[in-house]
Structures are given as structure tokens and as C-alpha cells.
Amino acid sequence: MVMTNNTTHTVSHEPLARIDFAKTAPKVFKAVIGLDAAARAGLDPALVELIQIRASHLNGCAYCLHMHTNDARKAGESEDRLHLVAVWREARNFYSAKEQAALALTDAVTLVADAGVPDAAYAEAAAHFDEAELAQVIALILAINTWNRIALSTAKVAGTDEREG
């Protein structure tokens, strides 16, 4: 209870009900699914998951982080690499040069408001991916950032994966 101007108000600690984005905006949701599918096409599935995990760490999206770490495990990713992706710069020996370049680009694009996308991060990624692959990697980073923002703004609960139901 909170008292303001001699009036008592009950403060609820229950989360505010949020929209079901997939049901409320089905055309947009399907478009994001299409972007996601197109972005990952032709990319190494392990790299896809590392990018999605890293962006989800940076965005604080527990829902997506839970989903993509589980997907990575199912695809055979090691626990060491999963645990260390949050601090990949200090654990470079766990990731190939190509993966490091993708993770650096993921950091830059996800945190674009901080410093833009530095030429060095872009150039390093361009040195490891041909133009078509680089476009796919950028699209994947954009897609996971979109998913993170959908999950966070609609208060998706970590541990629930609607793809299974």
C-alpha cells in the first residue's frame, strides 16, 4: 500500500498483461518470421545460434536467450562456448576468427546507438564473409534484434517456447 495525499492506494506487483503479438499483429509477425528464415538461409547453424545468443545477451532478452541456448545445445554446441559467448572477447580461443568477426559485428549492430558500426568491425567481418554471406549475417542480426524487442516489449516469459506448442 502507498499513501498519497491522505489516500491509500494498493500497489500491485503483478505484471501488466501484454498483447500476444503473434495474434494481434499476425501479418507483421509472419513478416518477421520470413525475415528470420531468409536471414539464416545458407549460414552455418552454429554461427546463427551464436549471433542470436550474443544479441540476446546484449539486449537482456531472457526469453530469446533461453530459446537459442537450447537450440544450440540441440544442435551440438558445447557448454563451454555457450557459457562464454557473453564474454567472447576474453575467451577468443573458444571461437574461430570468423565467429569472432560475426560476434564483433553483432555487438556493433546491436549497440548501434552507442557508436554506430565502426569501420574496423565491418572490415573484419567483410574479411571473413563474402558479400552475400555478410548481407545474411547483417540480416540475421537485424532479425534477432527485432525478436528481442518483440519479446521484451510484450513481456515474454523465459522458459516458454511457443514454437513447441
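The structure is a predicted model, in which local features need pLDDT of at least 70, side-chain atom pairs count only at pLDDT 80 or more, and totals for chains, interfaces and linings use all residues. Residues are numbered from 1 along each chain as its sequence is written, and side-chain values use heavy atoms, with hydrogens and water left out.

The chain holds nine helices and two strands. In sequence order the pattern is β-β-α-α-α-α-α-α-α-α-α. Of the 165 residues in the chain, 37% are buried. Buried means under 20% relative accessible area, exposed means over 50%, and partly exposed lies in between (1.4 Å probe, protein chains only). The chain exposes about 9,500 Å², and carbon and sulfur atoms supply 59% of that area. Accessible areas come from the Shrake-Rupley method with a 1.4 Å probe; for residues, only the protein chains shown count as cover. Among contacts in the chain with a separation of 6 or more, 64% are between residues 24 or more positions apart. A contact here means heavy atoms within 4.5 Å.

Side chains of opposite charge can pair when their charged atoms come close. A search of the whole structure finds eight salt bridges, each defined as a side-chain nitrogen of Lys or Arg within 4 Å of a carboxyl oxygen of Asp or Glu. One of them joins Asp 20 and Lys 23, at 4.0 Å from N to O. Asp 20 is partly exposed because its relative accessibility is 29%, while Lys 23 has a relative accessible area of 68% and is therefore exposed.

Glu 99 and Arg 81 form another salt bridge, with the closest N and O atoms 2.8 Å apart. This pair links distant parts of the chain, since Glu 99 sits in helix H6 (residues 97-110) and Arg 81 in helix H5 (residues 79-84), 18 residues apart. Both Glu 99 and Arg 81 are buried; for Glu 99 the relative accessible area is 11%. The side chain of Glu 99 also reaches the backbone nitrogen of Ser 96 at 2.9 Å. With neighbours within four places in sequence left aside, Glu 99 is in contact with Leu 47, Leu 50, Arg 81 and Phe 94.

Asp 107 and Arg 89 form a salt bridge whose closest N and O atoms are 3.3 Å apart. Asp 107 counts as buried because its relative accessibility is 8%, whereas Arg 89, at 40%, is partly exposed. Salt bridges that share partners join Arg 54, Arg 89 and Asp 107 into one network.

What is the nearest side chain of opposite charge to Glu 49, which is buried yet has no salt bridge? That side chain belongs to Arg 40, and the distance is 4.1 Å. For charge, Lys and Arg count as positive and Asp and Glu as negative, while His and the chain ends are not counted. Glu 49 lies in helix H3 (residues 45-59), and its side chain makes a polar contact with the side chain of His 68 at 3.0 Å. A polar contact is a pair of N or O atoms within 3.5 Å; within protein, one must be able to donate a hydrogen and the other to accept it, and residues adjacent in sequence count only if both atoms are side-chain atoms. Beyond its neighbours within four places in sequence, Glu 49 is in contact with Arg 40, His 68, Asp 71 and Ala 72.

Ala 155 is found in the segment after helix H9 (131-153). Its phi is near 55 degrees, a positive value in a residue other than glycine. Ala 155 is partly exposed, at 40% relative accessibility. Between Ala 155 and Tyr 63 the C-alpha to C-alpha distance is 8.7 Å, although the two are 92 residues apart in sequence.

How values were computed: Helix = DSSP H or I, 4+ residues; strand = E, 2+ residues; numbered from the N terminus.
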